[in-house]
Amino acid sequence: MRAFIYPKLKKDIVEIHSRDYWVKIVEFLQQNWALIDPEYDKQQVRVFFFHDGAGVFDEMTFSTMKEAEIGLRRNGFKRLSDDKELREFFRIPPEPPFWRTNHPNGLIYSSGKFWRDASKL
């Protein structure tokens, strides 16, 4: 059973429509999750990064879905639906409501601190 910490205010809720989960195992029993949501009005996609309790701690925008997927793979994320072993281990990924929170190390991906960009390879 998971312990959930729910947002105190409704404004802290983050609407994410995708359920095509990506996961990166950071260390033993710690992982970061990602979902890619299209922003049709801006013709781009937004990647939301969150922890096991569904707290969204960072986000990045990309021009296309393919660009976002390549970036996630380059940075150690795996698509949950593509990996049977991961699906068996993570039977229930984090579920809504997703809510805004802070990571102890700040904006770890969008700042570039823990994000390998193709232009920097």
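How many Å² does the accessible surface of the protein chain come to, and what share of it belongs to carbon and sulfur atoms? I looked this up first: the surface comes to about 8000 Å², and 53% of it belongs to carbon and sulfur atoms; accessible areas come from the Shrake-Rupley method with a 1.4 Å probe, and for residues only the protein chains shown count as cover.

Before going on I noted that this is a predicted model, in which local features need pLDDT of at least 70 and side-chain atom pairs count only at pLDDT 80 or more, while totals for chains, interfaces and linings use all residues. Residues are numbered from 1 along each chain as its sequence is written, and side-chain values use heavy atoms, with hydrogens and water left out.

**Entry: overall layout**

I found two helices and seven strands in the protein chain, where helices (H or I, at least four residues) and strands (E, at least two) are DSSP runs numbered from the N terminus. Along the sequence they follow the pattern β-β-β-β-β-α-β-α-β. Of the 121 residues, 40% count as buried, a term that stands for under 20% relative accessible area, with exposed meaning over 50% and partly exposed in between (1.4 Å probe, protein chains only). I also looked up contacts (heavy atoms within 4.5 Å): among those between residues at least 6 apart in sequence, 56% join residues at least 24 apart.

**Entry: the sheet**

The seven strands form an open sheet with mixed pairing, in the order β1-β7-β5-β4-β3-β2-β6; two strands pair if DSSP finds at least two bridges between them. Its edge strands are β1 (13-14) and β6 (78-79), each of which pairs on one side only.

I then went through the antiparallel neighbours. Strand β2 (residues 22-27) pairs with β3 over five bridges, and K24 has N32 in β3 as its bridge partner.

Is strand β4 largely enclosed or open? Six of the seven residues of β4 (residues 44-50) are buried, so the strand is largely enclosed by the rest of the structure.

**Entry: helix α1**

Helix α1 packs on the sheet, where it touches β2, β3, β4, β5 and β6, and its direction makes about 170° with that of β3; axes are lines fitted to C-alpha atoms, for helices over the stretch in contact, and angles run from 0 to 180 degrees between N-to-C directions. I listed its buried residues as A68, E69, G71 and L72. Seen down the axis of α1, these fall within an arc of 160°, so they line one face of the helix; the arc is that of the directions from the helix axis to the C-beta atoms.

R74 also lies in α1 (residues 65-74), and at 22% relative accessibility R74 counts as partly exposed. The C-alpha atoms of R74 and W115 are 8.7 Å apart, although 41 residues separate them along the chain. Just after the helix, G76 takes a positive phi of about 90°.

**Entry: aromatic pairs**

My search of the whole structure gave 12 aromatic pairs, in which rings of Phe, Tyr and Trp (its six-membered ring) have centres within 6.5 Å; planes under 30 degrees apart count as stacked, over 60 as edge-to-face and the rest as tilted. The rings of F49 and Y109 have centres 4.5 Å apart and planes at 40°, so this pair is tilted. F49 lies in β4 and Y109 in the segment after β7 (98-100), so the pair ties together parts that are 60 residues apart in sequence. Both F49 and Y109 are buried.

F89 and F90 make an edge-to-face pair, at 4.9 Å centre to centre and 85° between the planes. F89 counts as exposed at 60% relative accessibility, whereas F90 is buried at 7%.

**Entry: T101**

T101 is found in the segment after β7 and counts as buried at 19% relative accessibility. Leaving aside neighbours within four places in sequence, T101 is in contact with H51, G55, V56 and F57.
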